[in-house]
Amino acid sequence: MSSVEQYIYRKVAAQTAHGLLQNDFVILDTETTGLDSSARVVSLAVIDRDGREIINTLINPGRPIPYEATAIHGIRDADVRDAPSMAVIAPHLEHLTATRPTYIYNSDFDLKMLMQHMGRMPTMLRHTCVMKLYAQFKGEKGSYGSWKWHKLTAACAQLGIGEIQSPAHSAIGDCLRTLAVLRAMADWYISNK
């Protein structure tokens with residue numbers, strides 16, 4: 001791919017990010033018991049377009065949290081013992097996502113986890129995968145010919161995003177990082193019109 005083509009793809013992704021920020025949207029993130037088909041959600045956060053917390057809760061997954069998952073997000077069985085169930089959280093979550101566009105970093109994963117835990121796909125107006133949008137913005141080809149995906153923390157580092165108060169691999173922290181990635185791409189677009 002030529003540098004001109006790469007610039008065009010970057011500009012289109014940045015313009016898309018700029019357009020997404022014009023909506024009244026929410027950003028969603030989850031932390032889970034793992035990655036497999038039996039994994040459940042242990043933490044869920046949703047923020048609004050200004051980065052204000054709408055939901056930030058632990059969720060009782062109804063099963064033990066494996067050590068490997070705790071090593072990533074720090075959530076232990078004792079932390080979720082008295083947390084609400086997904087059945088309690090789902091109506092509020094779906095009210096938010098059914099009425100506003102929802103932006104998610106790695107939406108395939110988070111939606112799969114919500115579907116596994118809820119037993120169905122959550123009601124959602126529409127969703128956008130910010131990870132795939134950033135991959136286009138970054139412009140590196142992956143091993144299968146599509147854009148190379150980058151971890152959220154890597155995207156933040158590559159964009160020069162400063163410290164976020166909430167830690168990475170916390171649902172609220174990753175929501176705030178996703179918003180920062182969208183804003184950084186949109187800022188690039190404004191600077192390169």
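Predicted model: local features only at pLDDT ≥ 70, side-chain atom pairs only at ≥ 80, totals over all residues.
Visitor: Okay, and α6 itself, how many of its residues are buried?
Guide: Of the nine residues of helix α6 (residues 130-138), seven are buried, so the helix is largely enclosed by the rest of the structure. Buried stands for under 20% relative accessible area, exposed for over 50%, and partly exposed for what lies in between, with a 1.4 Å probe and protein chains only. The buried residues of α6 are Val130, Met131, Leu133, Tyr134, Ala135, Gln136 and Phe137.

Visitor: What do those buried residues of α6 pack against?
Guide: They pack against α1, β4, β5 (127-129), α7 and α8 (171-191), where contact requires heavy atoms within 4.5 Å.

Visitor: Lys138 sits at the end of that helix, so which residue does its side chain meet in a salt bridge?
Guide: Its partner is Glu140, at 4.0 Å from N to O. A salt bridge here is a side-chain nitrogen of Lys or Arg within 4 Å of a carboxyl oxygen of Asp or Glu. Lys138 counts as partly exposed at 22% relative accessibility, and Glu140 is partly exposed as well, with a relative accessible area of 28%.

Visitor: How many salt bridges does that rule give?
Guide: The count comes to eight. One of them joins Asp24 to Arg100, with the closest N and O atoms 3.7 Å apart. Asp24 lies in the loop between α1 (3-20) and β1 (26-32), and Arg100 in the loop between α4 (86-99) and β4 (102-104), so this pair ties together parts that are 76 residues apart in sequence.

Visitor: Which residues are linked in a network of salt bridges?
Guide: Asp48, Asp50 and Arg52 are linked in that way.

Visitor: Switching to β1, which of its residues are buried on each side?
Guide: Val26, Leu28, Thr30 and Thr32 are buried on one side, and Ile27, Asp29 and Glu31 on the other, which leaves both faces covered. In general, the side chains of a regular strand alternate between the two faces of the sheet. With seven of its seven residues buried, β1 is largely enclosed by the rest of the structure.

Visitor: And how many bridges join β1 to β2?
Guide: Seven bridges join β1 to strand β2 (residues 41-48), and the two run antiparallel; strands pair if DSSP finds at least two bridges between them. Thr32 has Val41 as its bridge partner in β2. On to β4, which runs parallel to β1, there are two bridges, and Ile27 stands opposite Tyr103 in that strand.

Visitor: What about the largest pocket, how much space lies in it?
Guide: The space in the largest pocket is about 610 Å³. Among the 23 lining residues, Glu31, Leu35, Ile72, Phe109 and His169 are the closest to the centre. Two or more lining residues come from each of β1, α2 (67-73), α5 (107-118) and α7 (152-158).

Visitor: How is that pocket defined?
Guide: On a 1 Å grid over the protein atoms alone, a pocket is an open set of points where a 1.4 Å probe fits, with protein on both sides within 12 Å along at least five of seven lines, and lining residues have an atom within 4 Å of a point. Grid points are joined across faces, edges and corners, and the volume is the space filled by probe spheres set on the points.

Visitor: Last one, is Met121 buried or exposed, or in between?
Guide: Met121 counts as partly exposed, at 44% relative accessibility, and is found in the loop between α5 and β5. Leaving out residues up to four places away in sequence, Met121 touches Glu94, Leu111 and Met115. Glu94 belongs to helix α4 and counts as buried at 11% relative accessibility.

Technical notes. Residues numbered from 1 in each chain as written. Heavy atoms only, no water. Helix = DSSP H or I, 4+ residues; strand = E, 2+ residues; numbered from the N terminus.
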